[in-house]
Structures are given as C-alpha cells and as structure tokens.
Amino acid sequence: MILAKKVRLKPTKEQEIQLWKSVGTARWAYNWALAKQKENFKTGGKFISDSMLRKELTRLKQTEEFSWLYKVSNNITKQAIKDLCNAYKKFFKGLADKPKFKSRRKSKPSFYNDNVKLKVKGKKVLIEKVGWVVTSEIISDEKYYNPRISNDGKYWYISIRMEELKPVVEMTEVSLGIDVGIKELAVCSDGIKKKNINKTSTVRRLEKRLRRLHRQVSRKYKMNKEGDRYVKTSNIIKIEKKIQLLYRRLSNIRIDHLHQSTSEIVKTKPFRIVMETLNIKGMMKNKHLSKAIAKQCLCKFKRQIQYKCEKYGIEFVEADKWYPSSKTCSSCGNKKNDLKLSDRYFKCECGHGIDRDLNAAINLSRYKLVI
C-alpha cells in the first residue's frame, strides 16, 4: 500500500528564493499549457498530448526571451504540463471540473521534484537546482513516488509517497454505520459521536478575529484608493499576512480534528464501515447551510476513512444515494416519508423513539448485510 508522508523543510534565505522561483515556473508552465489547449480547441483542433507540448516548450526555452526557464529544473515544467493534461483527461471522463488558470494569490504554491534525483542523507534532502535542504526529521532512504515541495503560507514541506506494509489487525464482527452532518461531524451506529470542531470556542474566537481583520483591511483599502485603483500599503500587507496565517491555523485545526476522528473510528476494528454517498454539490446549493457544510470538510472526512480502511483491511461500503437511512425506522423498518430536515428526533408509529442521526447510522450499518 502506498501512503504519503509530509516533512517540514528548513531552507536558507538563498534556497527559499530558489524555491519560490520553482513555484512560479511550475505555475507559468501549467498556465502556458492550458492557454495552448484552449487556443487549439477554439480553432477546432484535437487535444494536444503532453509530449507534444513538452517538445514545443523545449524549443521555446532555446530562445533568448525564455532562457530564464533554465534557472530551474526542467522536470518542474515537464510535470506541470503533464498535470494539466491529466486534469483535462479527468474532465473528459467526468471525474473533475474543467481546468482553470492558476493565480499567484489563490493557487497552492507547489512544484514537482524528480523522484530519481531526490537524494536523502540523514536530516537533509537534495532538491534539484536548490541543493541540500535541512529537514525537521529523518526521512528513511526508500523508494519514493511523486515528490512535491509546497508552501502553506508559513513553512515549506516535502510530500513523498512510500510503500508501506498493511498491519495485521484482528477484526470484530461489527458492521459500523456512519452518518455525517452539520450538528455533529459524525454519528456512529455504536453510539459514538464526533463533535463539530467549528462550534468550539477556539475556532469561533479565531473566526471572530478573522472578520475583524477583514473589515480592517477593507477600510484601509478604501482610505488609500487613488481614482479607480487600490493602493497596497505596507500596513495592508502586514494585515493580509495575519489573515493568511489565521486561515492556515483554522485549516490545520480542522484537518487535525478529521485525522483524530477518523483514526479513532477505524481503530474500533469493525469488519466493515458503511457511509452514505455524499452529494456535496447539491448540498452546497442550500444558501443557509453551504458555509457550515464547507467548514465540515466532509469530502476529506470520507477520503480519510477510505484510505484508513484500506490500510487496516476494513471493507468500505458506500450506500446508495437514495437509500432512506434517515426516514426508515431502525426498529420495525417502517418508512416515514413526511420526515423534515428540522425533525431532529425520530418518532415511529410503532412507538420507537431515537435521535435522527443515530437512527440513520444504525440503518447504514445494516445496509445490504446478509446475516
């Protein structure tokens, strides 16, 4: 099984400058390839393969105008073009949205490093055209897949994929159903509940501070407006840096909570885990709930459950999208069609009363289970 590992880098000032150059080049190559594909589609041409685009870029590098591309590794531009072509292939298959141009402000700063040229020596890693960079921990000298260097707004990281043997785990005879939602992150059929981290005082305090900083920077932009143009002063840059770090902290809190919650669920050792198929796009259309749904990171929760199930040899099952887990009574099996979203307590005609989410989780645990 291939698992990813993320290790913090500690580059010098000179190395950090080279890392930012690599990030910018990767973004430029991606956008260049995307522009070429769009221009080709407009003229009625077919999809251009990544090998053709890479050959064209090699010819472009030999001109004086684009000689600056030699300052970074050629593998960065090659992989950026390949990433764009793969994104288009996923779009054609209906697995992803149409590729968009990467902006300096919104896109994640990252680039590829050739796995063959990636060398490890103790607490140091060799990055092409950057040199030996100090790491926060020792990386084992094994076979790596798809190494990526990225920045989260504060620190640099290297992400690598390595092969890992599946641990031998003795499973219980429990089929676990998980109902995800907004009130609670997850309610399991065994009664365990995982709280919504966004309702905690820590997150609410950080979000309040974030709103204040947004209002502050907005006022400063209006004060420094010159005609139709907004001037970015040094004070605005300072506040925007604080905003960026706050977003980073909130993201880390949510991701850490997801990892802890999913690990605790998987370590109960059920022989299978059942989750409902999530229609996130449809759920996001609800203007009253879209913000709360986005903060819950339900897609990440599902993905983490999936790969951790695979790691421990647990069967992962996705229930049908139209399976009435919430409307069905977990005691008698009667279906309650008039159940509303506001009904948080399920009361059946048979007299059975239970929490709505727990009822759904119990029904999911019995999904297509032959006893």
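Which residues touch the most other members of the largest nonpolar core? In this predicted model, select Leu 9, Phe 111, Val 125, Ile 127, Ile 149 and Ile 158, which hold that position among the core's 21 residues.

Next, colour the elements that supply two or more residues to this core: strands β1 (2–10), β4 (124–127), β6 (144–151) and β7 (156–163), together with helix α1 (13–42). Of these, β7 gives the most, with four residues.

Now centre the view on Ile 149. Beyond its neighbours within four places in sequence, Ile 149 is in contact with Leu 9, Leu 19, Ile 127 and Ile 158, and also with Pro 109, Ser 110, Phe 111, Asn 113, Trp 156 and Tyr 157.

The tour then turns to a helix pair. Select α4 (residues 201–223) and α5 (residues 234–266), whose axes come within 10 Å and cross at roughly 155°. Because of that angle, α4 is roughly antiparallel to α5. The crossing in which α4 passes α5 is left-handed.

Finally, show the side chains where the two helices meet. On α4, the contributing residues include Val 203, Leu 206, Leu 210, Leu 213 and Val 217, as well as Glu 207, Arg 209 and Lys 220. On α5, they include Ile 236, Ile 239, Ile 243, Leu 246, Leu 250 and Ile 253, with Glu 240, Lys 242, Arg 249 and Arg 254 also taking part. Coloured by class, the contact of α4 with α5 shows 13 nonpolar, four polar and seven charged residues.

How values were computed:
Residues are numbered from 1 along each chain as its sequence is written. This is a predicted model: local features need pLDDT of at least 70, side-chain atom pairs count only at pLDDT 80 or more; totals for chains, interfaces and linings use all residues. Side-chain values use heavy atoms; hydrogens and water are left out. A nonpolar core is a set of buried Ala, Val, Leu, Ile, Met, Phe, Trp, Tyr and Cys residues joined through side-chain atoms within 4.5 Å. Buried means under 20% relative accessible area, exposed over 50%, partly exposed in between (1.4 Å probe, protein chains only). Contact means heavy atoms within 4.5 Å. Axes are lines fitted to C-alpha atoms, for helices over the stretch in contact, and angles run from 0 to 180 degrees between N-to-C directions. Angles under 35 degrees count as roughly parallel, over 145 as roughly antiparallel, 65 to 115 as roughly perpendicular and the rest as oblique. A crossing is left-handed if the near helix is turned anticlockwise from the far one by less than a right angle, and right-handed if clockwise. Ala, Val, Leu, Ile, Met, Phe, Trp, Tyr, Cys and Pro count as nonpolar, Asp, Glu, Lys and Arg as charged, and the others, Gly among them, as polar.
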